[in-house]
Amino acid sequence: MPDLEQKSQNDFMVEKIKVKPVNKKKLIRRTLITISMAIIFGMVACVTFLVLEPVISNWLNPEEEPQVEIVAFPEDREEMSPEEMLAENLPTESPSPSPSPEPDAEEAPEETQTPVEIGEEQIQKILDRVVLDLDGYKELYGALGGYAESLRRYMVTVTALTSNIDWLDSVQESKNQCSGVIVNENGMELLILADYSAIGSAERLVLTFYDDSQAEAQIKQVNAETNLAVLSVPLENLSEGIKAEEALPIVQFGYSGGRSLAGTPVVVMGSPMGTANSVGYGMITASTTVLSGTDRNYRLILTDIPGSQNASGVIFDLQGQMLGVITNNKTGSDMRNLIAAYGITELQKTVEKMSNAALIAYLGINGGDVPKEANLEFGVPYGAYVEEVDMDSPAMQEGIQRGDVITGMDDKSISNFNMYSNILMQMEPGQVVTVTVMRQAQDEYKEMEFSVELGGVN
């Protein structure tokens with residue numbers, strides 16, 4: 001009995017452990033999940049590194065990014081008279097060498113150089129030496145041809161491309177061309193002034209430069225009143241030949257204001273004959289015509305150079321300066337085929353605004369100068385005479401009327417219409433200004449002030 005009880009107790013304490021069978025399918029599934037998660041984690045890590053690496057590098061080593069510079073043209077300067085040009089081009093005799101000073105000699109005071117003055121007799125003697133035979137004409141036109149060739153670096157052919165669908169649903173690309181001129185750069189873009197009427201409906205604009213390289217351009221700003229546009233091309237898209245030059249081929253502005261330019265010899269470049277890279281020679285016949293515009297007037301330069309009614313391009317003087325931008329349909333019916341242009345001096349501030357893609361401050365008047373006779377006989381004060389007021393313009397909304405004379409804006413006095421235009425061009429759309437006008441009341445003019453918020457136009 002004791003043995004049986006001991007045996008039963010021992011049996012109670014014996015435990016048999018069985019090994020759990022391995023589930024191979026579950027093990028394989030977990031292994032595949034682990035490998036997949038590792039691959040996904042690695043891919044996410046790679047993508048994250050590629051995205052954040054430039055940011056971290058720029059943060060640790062910041063680089064200066066190119067900034068768009070504000071475009072500003074130099075102030076206008078008066079044109080030299082023909083006598084001054086002739087004096088500037090006269091050969092000067094080399095002075096004879098001066099004797100060496102004695103050791104004890106005192107230094108002589110420096111002589112001031114007196115300006116060269118040329119009389120009519122001297123000019124006539126110089127002209128008498130010019131022989132106008134056949135060889136002389138060959139030499140003259142050869143020199144003009146070489147001079148025109150040197151100006152081509154400033155010119156650009158603008159090709160406007162537009163896709164059309166014909167009757168058979170085939171896509172055809174149509175082309176239209178005009179000429180532009182390189183007017184400036186802003187540190188990131190090259191800026192080209194061109195005729196907008198030829199490119200307004202284009203889908204793509206392709207520029208061809210003087211070295212036959214091409215680049216696509218975008219319209220930066222358009223001026224509705226002059227129908228001109230400024231196009232932009234990234235500097236990095238220019239050809240290596242142009243970028244390798246010491247300076248970009250930017251045209252120099254001449255002076256079209258002041259005295260009459262009649263008689264000035266000029267060269268027209270671009271597409272004056274309706275064909276790209278055409279050229280014409282002649283002279284300015286008149287420059288006193290004024291084209292009235294809203295808030296500013298433009299000078300019209302007329303030439304004796306026959307050309308196309310679809311002409312585009314610019315006028316150069318013989319000093320390599322641009323005097324005007326060719327325009328169409330601004331002359332009388334009897335002069336339709338003669339090249340005419342906007343004077344660049346009167347156009348300069350507008351081009352500057354367009355180059356910066358900025359709106360132009362708008363008051364909304366058409367006007368002109370007060371003649372001296374009107375001031376003396378009728379007591380009309382000097383200023384910007386208001387001939388017309390645009391409908392719903394800021395000027396009309398605040399009560400400025402036809403016949404008023406604007407004599408000041410804020411703290412700046414105005415004595416003529418050109419001064420009014422220049423002052424307004426320096427202001428910004430949305431700016432509130434105090435406009436001082438003189439208005440006729442019975443037999444005298446009385447001063448009035450208007451607070452006007454300026455509008456903005458292209």
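Tutor: Keep in mind that this is a predicted model. Strand β20 (residues 444-453) runs antiparallel to β19, and the two pair over 10 bridges.

Student: How many residues sit between the strands in the hairpin of β19 and β20?
Tutor: Two, and Gln442 in that hairpin has a positive phi near 60 degrees.

Student: Which residue in β20 is opposite Met438?
Tutor: That's Glu447. Met438 in β19 also stands opposite Val405.

Student: And how do β17 and β19 pair?
Tutor: In the antiparallel sense, over four bridges, with β17 covering residues 405-409 and β19 covering residues 432-441.

Student: OK, switching topic. Is Ser239 buried or exposed?
Tutor: Buried: its relative accessible area is 17%, and the cut-off for buried is under 20%. Ser239 lies in the loop between β6 (228-234) and α6 (240-243).

Student: What does Ser239 contact, leaving aside neighbours within four places in sequence?
Tutor: Asp211 and Ser213. With Ser213 there's a polar contact, side chain to side chain, at 3.5 Å.

Student: Now the surface. Which residues make up the nonpolar patch?
Tutor: Val130, Leu132, Tyr137, Leu140 and Tyr141, which together have about 530 Å² of accessible area.

Student: Where is Tyr137 found?
Tutor: In helix α5, residues 134-151. Tyr137 counts as partly exposed because its relative accessible area is 42%, between the 20% and 50% cut-offs.

Methods: Residues numbered from 1 in each chain as written. Predicted model: local features only at pLDDT ≥ 70, side-chain atom pairs only at ≥ 80, totals over all residues. Heavy atoms only, no water. Patch = residues over 30% accessible without salt bridge, like charges linked within 9 Å, V, L, I, M, F, W, Y side chains within 5 Å. Areas by Shrake-Rupley, 256 points an atom, 1.4 Å probe, with all protein chains shown as cover. Salt bridge = Lys/Arg side-chain N within 4 Å of Asp/Glu carboxyl O. Buried < 20%, exposed > 50% of the residue type's maximum accessible area, 1.4 Å probe, protein only. Polar contact = N/O pair within 3.5 Å; in protein donor to acceptor, adjacent residues only side chain to side chain. Contact = heavy atoms within 4.5 Å. Pairing = 2+ DSSP bridges.
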